[in-house]
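Please have your viewer ready.

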Amino acid sequence: MKKLRLDAIILALAAVIAVSLASCGKKQPPADEGEVIAAAKELLESAVEVNRIFFWGGLEYDEATMSSQDLGDAAYAELSGDAKYISQSELMEKVRSVYTESYSDDIEKVAFEGVNVSDDSALLARYVSEGGVMKINVSQAKNSLPERIPDTDTVRIADVKDAVGADTAVIAVYAECGGERSELNVTLKLEADGWRLDTPTY
């Protein structure tokens with residue numbers, strides 16, 4: 001009797017393992033297009049604020065506080081109003097609510113550390129914090145990229161990757177910049193906290 005019971009348990013375990021292995025080999029269905037489009041619209045709208053902070057004109061500042069002392073060739077000025085006391089982590093929280101973790105890390109490095117463009121030139125940090133006061137690189141703010149505003153009513157699926165987990169999608173959206181309208185392809189990735197943009201929209 002005991003042998004029969006043991007045989008039955010072994011057969012049951014074998015059946016469970018076989019089903020489990022079979023399910024692991026199957027591709028999950030592609031991402032729901034309605035879900036992707038809804039997420040894309042929300043993220044593109046939120047990206048406008050993030051782009052204004054990091055790539056376009058930046059946060060408002062008090063030009064009277066401008067100083068280049070100990071900050072290389074760039075002139076930095078204190079942010080104005082309550083924004084002057086905003087922290088790097090608070091600004092990055094906005095970024096990470098829109099962009100993927102890896103892309104957010106790139107933005108953080110460029111915005112708060114700067115990068116070497118070549119042996120002879122560097123892109124200095126856009127923001128620095130001194131004594132709890134946030135400052136902005138005024139030259140970058142004055143020579144920023146023009147605003148590119150997406151028309152979220154035009155969002156459509158360009159491609160949904162047929163991969164395990166279906167965690168990547170490409171959408172197309174029209175955007176206006178300087179009076180000209182053009183179509184952009186934007187990649188979204190599904191992360192632990194939901195869909196995030198993985199390409200620039202500025």
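The notes below move from the whole chain to local detail.

## Ground rules

This is a predicted model, in which local features need pLDDT of at least 70 and side-chain atom pairs count only at pLDDT 80 or more, while totals for chains, interfaces and linings use all residues. Residues are numbered from 1 along each chain as its sequence is written, and side-chain values use heavy atoms, with hydrogens and water left out.

## The chain as a whole

The chain holds 5 helices and 9 strands, in the order α-α-β-α-α-β-β-β-β-α-β-β-β-β from the N terminus. These elements are DSSP runs, numbered from the N terminus: helices are H or I with at least four residues, strands are E with at least two.

Of the 202 residues, 35% are buried; buried means under 20% relative accessible area, exposed over 50%, and partly exposed in between, with a 1.4 Å probe and protein chains only. Among contacts with a separation of 6 or more, 57% join residues 24 or more positions apart, a contact being heavy atoms within 4.5 Å.

## The largest pocket

Helix α4 (residues 101-112) gives the most to the lining, with 5 residues.

In helix α3 (residues 88-96), the buried residues are L91, M92 and V95. They lie on the same side of α3 because they cover an arc of only 95 degrees around the axis, the arc being that of the directions from the helix axis to the C-beta atoms. S89 and E93 are exposed on the other side of α3. The buried residues of α3 pack against α2 (33-54), α4 and β5 (133-137).

## A loop residue

A83 sits in the loop between β1 (76-78) and α3. Is A83 buried or partly exposed? A83 counts as partly exposed because its relative accessibility is 22%. The C-alpha atoms of A83 and K135 are separated by 9.6 Å, although the two are 52 residues apart along the chain.
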